[in-house]
Amino acid sequence: MPRKQTRGGRAIRWIEAYCLLPSGLDKGQHVRLTPVQRDIVRKTYDNPNGHHGAPPVTGPLAAYLALLHLCGPEALQRSFRPNVAPDIFTIWNSVGPDLRAVLRRHGACVICPELGTKYPTAA
């Protein structure tokens, strides 16, 4: 009997399907999360209380999680937002072609007109 897909597992699958590496030698290639990054995602999304008390997620993983909440399966989940603060350039450089077709960059914001969401949310 197949195991039920967890929220963290769905997040990992979405990130690896839609996000690109934003910098480095492999810039523009699809993301393959490291074991440490996968562990952070699972601890964040498979814990009913979120990843409270943990330091903020930084670097490219923060951009992937921001995109997950901007236009991915977490976009309409208003009850929980991970503690991330990626810069807009890292976010935009992490956007794969499927996402670029639906997202718009407007100054210091990335907007998903289809869902009515934007990052940063306070902008």
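Author: Hi! Before we count anything: helices (H or I, at least four residues) and strands (E, at least two) are DSSP runs, numbered from the N terminus. This is a predicted model, in which local features need pLDDT of at least 70 and side-chain atom pairs count only at pLDDT 80 or more, while totals for chains, interfaces and linings use all residues. Residues are numbered from 1 along each chain as its sequence is written, and side-chain values use heavy atoms, with hydrogens and water left out.

Reader: Let's look at α1. Which of its residues are buried?

Author: In α1 they are G8, G9, A11, I12, W14, I15 and E16. These buried residues pack against α2 (35–45), α3 and α5 (97–100), where contact means heavy atoms within 4.5 Å.

Reader: What about R10, buried or partly exposed?

Author: R10, which also lies in helix α1, has a relative accessible area of 39%, so R10 counts as partly exposed. The C-alpha atoms of R10 and P73 are separated by 8.2 Å, although the two are 63 residues apart along the chain.

Reader: At what angle do α1 and α3 pack?

Author: Helix α1 (residues 7–18) packs with helix α3 (residues 59–71) at about 100 degrees, and their axes are 10 Å apart. That makes α1 roughly perpendicular to α3. For the wording, angles under 35 degrees count as roughly parallel, over 145 as roughly antiparallel, 65 to 115 as roughly perpendicular and the rest as oblique. The axes are lines fitted to C-alpha atoms, for helices over the stretch in contact, and angles run from 0 to 180 degrees between N-to-C directions.

Reader: Which residues make that contact?

Author: From α1 it's A11, W14 and I15, and from α3 it's Y64, L65, L67, L68 and C71. By class, the contact of α1 with α3 has eight nonpolar residues, no polar and no charged ones. Here Ala, Val, Leu, Ile, Met, Phe, Trp, Tyr, Cys and Pro count as nonpolar, Asp, Glu, Lys and Arg as charged, and the others, Gly among them, as polar.

Reader: New topic, the strands! In what order do they sit in the sheet?

Author: The order is β1-β2-β3, in an open sheet of three strands with antiparallel pairing. Two strands pair if DSSP finds at least two bridges between them. The edge strands, β1 (104–106) and β3 (117–119), each pair on one side only.

Reader: How many bridges join β2 to β3?

Author: Three bridges join strand β2 (residues 109–112) to β3. V110 has Y119 as its bridge partner in β3, and I111 stands opposite K118.

Reader: Which glycines take a positive phi in the hairpins?

Author: In the hairpin of β1 and β2, with two residues between the strands, G107 has a positive phi near 60 degrees. The hairpin of β2 and β3 has four residues between them, and G116 in the turn has a positive phi of about 75 degrees.

Terms used
Buried means under 20% relative accessible area, exposed over 50%, partly exposed in between (1.4 Å probe, protein chains only).
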